[in-house]
Amino acid sequence: GLSMGLDRGDVPYEVRAETPPGVARLLTAGAGIARPNASTGNPDRRDVAYGIDTEAEARAAVRELASRGVDIVKIWVDDRGGTVEKLTPELYGAVIDEARVQGLQVAAHIFNLEDAKGLLRANLHGFAHGVRDLLLDDEFMALLAEHPDVFLIPNLPERGPRTDADLQFAGETLPAAAIEAMRAQQSTFEVDPDELFETQAGNLIRMYEAGVRVGFGTDGDGAAWDVHEELFDMVAAGMTPADVIVAATSTSA
């Protein structure tokens with residue numbers, strides 16, 4: 001598994017160094033890079049991300065991560081609904097450039113289409129979220145064509161209340177308690193599923209059909225069935241079941 005930027009202290013690196021038989025390997029981005037306190041918008045988690053305000057700080061953060069031997073560099077380019085400052089093109093450009101010097105890849109947490117375009121212009125390696133505010137336009141797709149090695153980890157949102165057919169399908173692999181939790185959620189779901197899912201699903205499929213490498217990941221919420229739900233949602237978005245399995249296995253590996 002790859003931990004994407006919320007790892008504190010030395011323990012993640014110590015766990016990564018251990019290779020007990022029959023246990024999945026841990027890979028880590030260590031502490032991700034954002035504006036000060038921008039990784040979560042939560043002052044209690046200020047120590048998680050590297051908070052940077054200058055290009056020199058950006059490069060120093062990447063060099064420190066490289067010295068720890070991180071497997072990837074994670075950046076947040078998102079203002080958390082206007083509550084925090086976000087990385088500017090100058091700052092994330094310095095991160096990406098320094099990462100390439102250090103032989104590292106950079107994955108970006110994003111929300112807005114315009115930021116995604118800027119990141120492509122800065123030679124980003126991959127997106128750790130799809131674009132969430134707008135449908136992709138021709139300018140984005142043209143930029144994408146100029147960067148054919150870019151990858152996408154969709155991290156799709158919930159699709160609203162589950163249908164009985166959804167629950168029956170999920171019940172083939174999930175424990176009864178998980179199904180009951182989903183069933184209970186049906187009566188309390190208050191978010192417009194179109195707003196949450198349709199834009200991101202459409203953007204995933206446009207990139208998928210353009211030949212972008214699609215990987216796999218959840219948004220780290222920790223529910224026991226998150227992985228199963230993401231697989232299910234990628235198929236619901238329009239990927240074939242076989243391609244979803246490939247995304248979650250060989251492509252991500």
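Predicted model: local features only at pLDDT ≥ 70, side-chain atom pairs only at ≥ 80, totals over all residues.
View A. Residues are numbered from 1 along each chain as its sequence is written, and side-chain values use heavy atoms, with hydrogens and water left out. The loop that holds Pro157 runs between β8 and α6. (Helices, H or I of at least four residues, and strands, E of at least two, are DSSP runs numbered from the N terminus.) Pro157 and Gln200 are 43 residues apart in sequence, yet their C-alpha atoms are 8.0 Å apart. Neighbours within four places in sequence aside, Pro157 is in contact with Leu196, Phe197, Gln200 and Asp233. (Contact means heavy atoms within 4.5 Å.)

**View B. Asn155 has a positive phi in the loop between β8 (151–152) and α6 (164–170)**. The angle is about 50°, although Asn155 is not a glycine. Most residues other than glycine have a negative phi. Asn155 counts as buried, because its relative accessibility is 8%.

**View C. Arg80 has a positive phi too, in the loop between β5 (73–77) and α3**. Its phi is about 50°, and Arg80 is not a glycine. Arg80 is partly exposed, with a relative accessible area of 29%.

**View D. Val150 is buried in the loop between α5 and β8**. Its relative accessible area is 2%. Leaving aside neighbours within four places in sequence, Val150 is in contact with Leu120, Leu124, His125, Gly126, Phe127, Leu144, Val212 and Arg213. Val150 and Ala107 are 43 residues apart along the chain, and 9.6 Å separates their C-alpha atoms.

**View E. Helix α4 (residues 113–121) runs roughly parallel to helix α5 (residues 138–146)**. Two packed helices are described by the angle between their axes and the distance between the axes. The axes of α4 and α5 come within 10 Å and cross at roughly 25°. (Axes are lines fitted to C-alpha atoms, for helices over the stretch in contact, and angles run from 0 to 180 degrees between N-to-C directions. Angles under 35 degrees count as roughly parallel, over 145 as roughly antiparallel, 65 to 115 as roughly perpendicular and the rest as oblique.) The crossing of α4 past α5 is left-handed. (Left-handed means that the near helix is turned anticlockwise from the far one by less than a right angle, right-handed that it is turned clockwise.) On α4, Leu113, Ala116, Lys117, Leu120 and Arg121 make the contact; they meet Glu139, Phe140, Leu143 and Leu144 of α5. By class, this contact has 6 nonpolar, no polar and 3 charged residues. (Ala, Val, Leu, Ile, Met, Phe, Trp, Tyr, Cys and Pro count as nonpolar, Asp, Glu, Lys and Arg as charged, and the others, Gly among them, as polar.)

**View F. Helix α4 is mostly covered**. Of its 9 residues, 7 are buried. They are Leu113, Asp115, Ala116, Lys117, Gly118, Leu119 and Leu120. These buried residues pack against β5, α3, β6 (106–110), β7 (126–127) and α5. Asn123 follows α4 and has a positive phi, near 70°.

**View G. Helix α2 (residues 55–68) packs on helix α3 (residues 89–101) at an angle of about 35°**. Their axes are 8 Å apart. Here α2 passes α3 in a right-handed crossing. Glu55, Ala58, Arg59, Val62 and Arg63 of α2 make the contact with Glu90, Leu91, Ala94, Val95, Asp97, Glu98 and Ala99 of α3. This contact has 6 nonpolar, no polar and 6 charged residues.

**View H. Thr28 is a buried residue of strand β2 (residues 27–28)**. Its relative accessibility is 0%. The Thr28 side chain makes a polar contact with the side chain of Asp7, at 2.4 Å. A polar atom of the Thr28 side chain also lies 2.8 Å from the backbone nitrogen of Gly30. (A polar contact is a pair of N or O atoms within 3.5 Å; within protein, one must be able to donate a hydrogen and the other to accept it, and residues adjacent in sequence count only if both atoms are side-chain atoms.) Beyond its neighbours within four places in sequence, Thr28 is in contact with Leu2, Ser3, Asp7, Pro12, Tyr13, Arg16, Val70, Asp71 and Ile72.

Methods. Buried < 20%, exposed > 50% of the residue type's maximum accessible area, 1.4 Å probe, protein only.
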